[in-house]
Amino acid sequence: MTWRRRLRHRFFIVPLALALLVGAWNLYIGLHDGGIIEGEVRDRAGAPVPGATVIFFERNFVYYQEKQRTTTDGTGTYRFTGMQVHVGQLEARTDDGRHSERRQLRLWFRAQDTEVAPLVVAGPRG
Amino acid sequence: MVRRAPSWPRHAIMVVVSFLMLVPFYWVLKTSLTGENIYAYPPHVVPVDPHLFHYVDVWYLIPFPRYLLNSVIVTTMAICGNLLFNTAAGYALTKQFPGRRWVVLLFLSCMLIPFQATIIPAYLITSALGVLNSYLGIALPLLSTIICIFIFKASFEAVPRSLIDAARVDGLSEWRIIVRIMLPLSKSAIATNVILTFIWSWNAFLWPLIVIRTPEMQTLPLGLARFLSVMEDTTGALFAFVVMVLVPGLTIFLMAQKEFIRGLATGATKG
C-alpha cells in the first residue's frame, strides 16, 4: 500500500478527523474560559436597575448553594469573574423587595465566558 | 428458464429486523438528548427540545476523563497482548509437534469453562504477582483469548505452505516469518482480534470490579455503575454516559467491520 493510499484509508482519516475536532474544541475552550458571566438587570419597563444584587447559585445533581454575588453598576450591568462552573441559576434582587425569576444557566464548558439575557425584576405581585 | 424469486420480501424482513434492533439504540440516544423520563406516558418518539447539556454534566460531574483514560490504557494493553500472544500461539498450532492435538483439545475444553468459575484462582494469581489494582492486573485475563488464537490459527493455515518454505530457504527466522509473511496476509484476523478484544476489554465489569480498589483506577463500566448508585433523578445524564461509553466501540466496529466479518468468516470455514 502506497503512502497516499494509507493517508486516504479510513483507519487514518477517521482518527485524524476526531483528533482535529478535539484539538479545535480545546483551542476554542482555551480562548473562551475566562469564567466571566455578565448581563443586565432591568425592570418591567425595560429600564436598567442600578444597585441590584445578582446572585449565582451553583446547582447540579449533588448540591445547590450560593456560589457568588455581585451588584449592578449605574447602567444596570453586572459581571461575575472567575466562575469555574458549567451549570447554575441567576437571580436579581433589589433593596425595595423586587426580584427576578431564577434563570437557569447551562454552559458548554466550565468557566465559559457568557453574556446572559437581561434579568427582569418585578414586585411581589408582578 | 428459472424464475428468480422476488427479493423484496427478504428486504422487507431485514428492514423490520434492523428496525427492531436499532430501536433501543435510538431510545438511548433520544433520552440522552432530552432527559425524558423513561416511564413517561405517552412517550415521545421524536425528541422534544433536544440539547447536549447532559453530556456536559457527565463530563464534569464525574471523573469521566479519568475513567476514559483508564479504559483506553487497559484496552490498549489487552489488544497489544492479544496480538503478541495469540499470534505466537496461533502460529505454533499450525506446526506439527508431539502433543499438538492434546494442546488443541485442552484449549477447546478450556473454552467450555466460564470465566466466573475461574475467577478466584485468577484473583489469587494476580495477587501473587502483585498487580492487583493496577492496569496490568485489570488487563491480565484478556492478554490472550482462546477464540482469537483459533482465528489466527485458521488464518495462518490459509497461507500457502510453499510461501513459508521459500521464506525459510531465504533465511528468515520463525518470528520474522510471522511478522513479514503471516501477519501481512492475515489482516482480517488482526482486525477481528482487535475488535473482539476491544469489545471484551471495554465492557469488562466483573474482573475490574474485583481487582480495582481505588476510585481513580476505575474503568468506564465501573464508573457507570457508580454513577447509577450515587446520583438520583439523572435520566438524561445517565443515558448520555451510556452513549459516551458506547461511541468508541461503535466507531471502531464501523471502521473495521469489513475486515471483522471477513476474519470471522475465515475462522468459520477453515477452522
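This is a predicted model: local features need pLDDT of at least 70, side-chain atom pairs count only at pLDDT 80 or more; totals for chains, interfaces and linings use all residues.
At the interface, 12 residues of chain A are in contact with 8 residues of chain B. On the side of chain A that touches chain B, the most is given by helix α2 (residues 10–31) of chain A, with 3 residues. By class, the residues on this side of chain A comprise 7 nonpolar, 2 polar and 3 charged.

Within chain A, strand β2 (residues 53–59) pairs with two strands, β3(A) and β5(A). With strand β3 (residues 64–71), the pairing is antiparallel and extends over 7 bridges; here Glu58(A) has Gln65(A) in β3(A) as its bridge partner. With strand β5 (residues 87–93), the pairing of β2(A) is likewise antiparallel and extends over 6 bridges. In this pairing, Leu90(A) of β5(A) stands opposite Phe56(A). In a regular strand, side chains alternate between the two faces of the sheet.

In chain B, helix α3 (residues 64–92) packs against helix α7 (residues 146–157) at an angle of about 55°, the axes being 8 Å apart. The arrangement of α3(B) and α7(B) is therefore oblique, and α3(B) passes α7(B) in a right-handed crossing. From α3(B), the contact involves Asn82(B), Asn86(B), Thr87(B), Ala89(B), Gly90(B) and Tyr91(B), which meet Cys148(B), Ile149(B), Phe152(B), Lys153(B) and Phe156(B) of α7(B). The residues of this contact divide into 6 nonpolar, 4 polar and 1 charged.

Helix α3(B) also packs against helix α10 (residues 187–203) of chain B, at an angle of about 140° and with the axes 9 Å apart. This angle makes α3(B) oblique to α10(B), and the crossing is right-handed. The contributors from α3(B) are Ser71(B), Val74(B), Thr75(B), Ala78(B), Ile79(B), Asn82(B), Leu83(B) and Asn86(B), while α10(B) provides Ile190(B), Asn193(B), Val194(B), Thr197(B), Phe198(B), Ser201(B) and Trp202(B). This contact of α3(B) with α10(B) has 8 nonpolar and 7 polar residues, with no charged residues. Asn82(B) and Asn86(B) take part in both the contact with α7(B) and that with α10(B). An α-helix has 3.6 residues a turn, so residues three or four places apart point the same way.

Following α8(B) is Gly171(B), with a positive phi near 95°.

Conventions:
Residues are numbered from 1 along each chain as its sequence is written. Chains are lettered from A and ligands numbered from 1 in the order in which they are written. Two residues are in contact if their C-beta atoms, placed from the backbone, lie within 7 Å. Helices (H or I, at least four residues) and strands (E, at least two) are DSSP runs, numbered from the N terminus. Ala, Val, Leu, Ile, Met, Phe, Trp, Tyr, Cys and Pro count as nonpolar, Asp, Glu, Lys and Arg as charged, and the others, Gly among them, as polar. Two strands pair if DSSP finds at least two bridges between them. Axes are lines fitted to C-alpha atoms, for helices over the stretch in contact, and angles run from 0 to 180 degrees between N-to-C directions. Angles under 35 degrees count as roughly parallel, over 145 as roughly antiparallel, 65 to 115 as roughly perpendicular and the rest as oblique. A crossing is left-handed if the near helix is turned anticlockwise from the far one by less than a right angle, and right-handed if clockwise.
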